[in-house]
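Here's a quick tour of the side chains in this one. Keep the model open while you read.

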Amino acid sequence: MRKKGWFSDWFNSSYYHILYQHRDNTEALQFIDNLLAYLKPLPHATMLDIACGKGRHSKALFDAGYDVTGIDLSPASIEAASNMKTKGLQFSCHDMRETFKANYFDYAFNFFTSFGYFDTNDEHQLAITAMAANLKENGTLVLDYLNVGVVESFADTDAVTQIDTFIFHTKKRHDDLFLFKEIRVVDAVSSEVLGVFEERVRKYSLNDFTLFMQNAGLEIVETFGNYQLQAYQYEMSDRLIMVAKKHSIS
């Protein structure tokens, strides 16, 4: 049985959903439009949204005309996403480190830094290998990650955010291997500390991902540095977005 990770409690917490409820859906939808214009999938292509959260990207892909499955480890997120379930759009609670449906999907997506959460390189390799296993021969994986080269420059910052009756105190820090964010949730009326959580993301470079992909039978064929799909630059880009193809089986 796998050790329970920090993400199991935090992503399934009501406080997580309150803190991040105002994420920019417009930006997410524009990214999907840009990505589909680049990928040019065939009509009704099968797509897997890995770590789909409440399904905003999954719904956008479905609305564009594709057969979409969203998977996520958080029961609360899948319960919320399942309110959108319909023919051609489904959701399932699943660990990305395990193959969901082997050799089935034309495309697999891992959006919005939904990677880097595990303790070891081996676990991250398991996740990439499972992503590849879900794909058909010549299938495509798109992995959207933070850009360490830029994030490190403002990694040590504090912030206070009030949403309704909750105050979120966040502290960011980093070491050689990880980026950390502590989230302390306080009741705005009583000042009671309601919970303390931590986000932790491994610092992976393009070279690291290249090796992970190669080990999984994938090859990175394109990189982008933002949601407008401009060229990736380590010291300037907001994101590290990788497009990888599954090798043909000879």
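Ring pairs link Trp 6, Phe 7, Trp 10, Phe 11, Tyr 15, Tyr 16, Tyr 20, Tyr 117, Phe 118, Phe 166 and Phe 197 into a cluster. For pairing, rings of Phe, Tyr and Trp (its six-membered ring) need centres within 6.5 Å; planes under 30 degrees apart count as stacked, over 60 as edge-to-face and the rest as tilted. What you're looking at is a predicted model, where local features need pLDDT of at least 70 and side-chain atom pairs count only at pLDDT 80 or more, while totals for chains, interfaces and linings use all residues. Residues are numbered from 1 along each chain as its sequence is written, and side-chain values use heavy atoms, with hydrogens and water left out.

**Aromatic pairs**

- Searching the whole structure turns up 27 aromatic pairs.
- One of them is Phe 7 with Phe 118, an edge-to-face pair at 5.5 Å centre to centre with 80° between the planes.
- Phe 7 sits in helix H1 (residues 6-11) and Phe 118 in the loop between strand S4 (105-110) and helix H6 (121-134), so this pair ties together parts that are 111 residues apart in sequence. Helices (H or I, at least four residues) and strands (E, at least two) are DSSP runs, numbered from the N terminus.
- Phe 7 is buried at 8% relative accessible area, and Phe 118 is buried at 6%. Here buried means under 20% relative accessible area, exposed over 50%, and partly exposed in between (1.4 Å probe, protein chains only).
- Phe 109 and Phe 111 have ring centres 5.2 Å apart and planes at 10°, so they count as stacked.
- Phe 109 is buried, with 0% relative accessibility, and Phe 111 is buried at 2%.

**Salt bridges**

- The structure holds 10 salt bridges, each defined as a side-chain nitrogen of Lys or Arg within 4 Å of a carboxyl oxygen of Asp or Glu.
- Asp 144 and Arg 239 make one of them, at 3.0 Å from N to O. Asp 144 belongs to strand S5 (residues 135-146) and Arg 239 to strand S11 (residues 239-246), so the bridge ties together parts that are 95 residues apart in sequence.
- Asp 144 is buried at 1% relative accessibility, and Arg 239 is buried at 12%.
- Asp 95 and Arg 97 also pair up, at 2.8 Å from N to O. Asp 95 is buried at 13% relative accessibility, and Arg 97 is buried at 6%.
- Glu 182 and Arg 184 meet at 4.0 Å from N to O. Glu 182 is partly exposed at 29%, and Arg 184 is partly exposed at 32%.

**Charges over rings**

- Arg 173 lies over the face of Phe 180, at 4.0 Å from the ring centre. To count, NZ of Lys or CZ of Arg has to be within 6 Å of the ring centre and within 35 degrees of the ring normal.
- Arg 239 lies over the face of Phe 112, at 5.9 Å from the ring centre.

**Positive phi angles**

- His 44 isn't a glycine, yet its phi is positive, near 65°. His 44 is in the loop between helix H3 (25-39) and strand S1 (46-50), and it is exposed at 63% relative accessibility.
- Leu 229, another residue other than glycine, has a positive phi near 60°. Leu 229 is in the loop between strand S10 (218-224) and S11, and it is buried at 17%.
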